[in-house]
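User: I am new to this structure and would like to learn how its features are read. Please take me through them in order.
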Amino acid sequence: MKKIFTLLAAAAVGMCAWAQEIQVANAKAVLCNSANEVISNVETTMDIYEDGTHQLNDFLGSGYQLADLVFILTDDNVQLTEYEEAYGYKYIDIYDNAAEEYIQPYVYDIDCPYGSTYSSYDPEGKTDQDGVEWERYAYVTMYDTAFGGYAYLDIYWNLPVVEEEGTDYEAVAVIFDMMGTGVMINPITITVYDNGSIYVQNFMGEGYTGASFYFEAVDEEIIFLNGFEYTEYGLAYLNIWDEANQSYIQPYFYDSDSGWGDYSTFYTGVKHEADGKVWGTHACIFMYSEDLFPADAWYYGYLDLYWDCQGTVGISSVAAETENAPVEYYNLNGVRVENPSNGIYIVKQGSKVTKQVIR
């Protein structure tokens, strides 16, 4: 029975992997008994499939075989899959290499009478564990005499980064406040993936870290942001570390799946002029930040992105172009200045942007 079940389970998981695209996330699995004593603490990986199936790999560590957990996230619950059922429980076979024997923990499932309170998933907020801040958290309740009765498996993982090969393009990011004044203008690089995801790299320019994000162009009018945490108001946000001021700023991005989605737009095939050049692709994202737009009573602004999907950006060519490019000066409102006098200016030379004080 054990061998038959193991083969069927392995076949089912393998078929899932063959038929769907998979992304691999780093994860941590912490198993505690009913006295909250740690039985095992394992760094592992999680396979995430297109249909929402999650496979936690080897959650008991290298000393065990077959210790994978397959589940689906439904609302705030965990629904286990690919298991045999007995007395309302689902179970998985685990072979203990050291003891040279099988253990068979039973796992509570949400579709059984006990599972609605024992299998939980928290899709929001960060969770600290072992000094690491994780993006997602779930736990399931288990029962087995090998674990001293009841045990709790805590699962932590981060959202996987898009692993497809992408194409880099030269681009420009312009941030405007509500009055249409340019707050910032930065030459940047974006990466376009085959699945339609677009990765915007460091749209705030030099001096900031973490100022990158993903979005999907759903059609030629809508942007769907991803890779963000969401607030209760339907907004997505991104923390940005300001190296100069040694502090975080937190601009909010309106997302197309919220009531404010009309402000996130995407256009292709239409020429747009920005920073002295005509671009073929334009995306505009509505933003909110007290840090970026302190002069505006509503703290609203726009992040405009421009690029052409023609020709890749080579590292050597970018370096050469930067070194030989003319120097351009902009004031802090993003307005180009031909003859700068005393003051602080944004200096652009090719793809390099710096902030300088001219006296």
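Analyst: The dialogue below moves from the whole chain to single residues.

Analyst: This is a predicted model, in which local features need pLDDT of at least 70 and side-chain atom pairs count only at pLDDT 80 or more, while totals for chains, interfaces and linings use all residues. Residues are numbered from 1 along each chain as its sequence is written, and side-chain values use heavy atoms, with hydrogens and water left out.

User: How many helices and strands does the protein have?

Analyst: Helices (H or I, at least four residues) and strands (E, at least two) are DSSP runs, numbered from the N terminus. The protein has 3 helices and 34 strands.

User: What share of the residues of the protein counts as buried?

Analyst: Buried means under 20% relative accessible area, exposed over 50%, and partly exposed in between, with a 1.4 Å probe and protein chains only. Of the 359 residues, 44% count as buried. The accessible surface, from the Shrake-Rupley method with a 1.4 Å probe and, for residues, only the protein chains shown as cover, comes to about 18700 Å². Carbon and sulfur atoms hold 49% of that surface.

User: Which strands pair with strand 1, and over how many bridges?

Analyst: Two strands pair if DSSP finds at least two bridges between them. Strand 1 (residues 22-33) is antiparallel to strand 2 (residues 38-49), with 11 bridges; there, V24 stands opposite D47. These two strands form a hairpin with 4 residues between them, and N36 in the turn has a positive phi of about 65 degrees. Strand 1 also pairs with strand 16 (residues 149-157), antiparallel over 7 bridges, where N33 has A151 as its bridge partner.

User: Which residues have the most contacts inside the largest nonpolar core?

Analyst: A nonpolar core is a set of buried Ala, Val, Leu, Ile, Met, Phe, Trp, Tyr and Cys residues joined through side-chain atoms within 4.5 Å. The largest one has 34 residues, and those with the most contacts inside it are F203, M204, F213, F215, F253, L305 and W307. Among the elements that give two or more residues to this core are strand 17 (166-177), strand 21 (213-217) and strand 22 (223-226). Strand 18 gives the most, with 5 residues. Another core, of 28 residues, lies apart from it and includes A25, I48, I94 and L153.

User: What does V200 touch?

Analyst: Contact means heavy atoms within 4.5 Å. Leaving out residues up to four places away in sequence, V200 touches I188, T189, I190, A211, S212, F213, F215 and L305. V200 is found in strand 19 (residues 197-201) and is buried, with a relative accessible area of 1%. V200 and L305 are 105 residues apart along the chain, yet their C-alpha atoms are separated by 8.8 Å.

User: How is the aromatic pair of F286 and Y300 described?

Analyst: A pair of aromatic rings is described by the distance of the centres and the angle of the planes. Rings of Phe, Tyr and Trp (its six-membered ring) pair if their centres lie within 6.5 Å; planes under 30 degrees apart count as stacked, over 60 as edge-to-face and the rest as tilted. The count comes to 20 aromatic pairs. F286 and Y300 form a tilted pair, 5.3 Å centre to centre with 35 degrees between the planes. F286 lies in strand 29 (residues 277-288) and Y300 in strand 30 (residues 300-307), so the pair ties together parts that are 14 residues apart in sequence. F286 is buried, at 4% relative accessible area.

User: Where is Q246 found, and is this residue buried or exposed?

Analyst: Most residues other than glycine have a negative phi. Q246, in the loop between strand 25 and strand 26, has a positive phi near 50 degrees and is exposed, with a relative accessible area of 53%. D58 also has a positive phi, of about 50 degrees; D58 lies in the loop between strand 3 (53-56) and strand 4 and is partly exposed at 26%.
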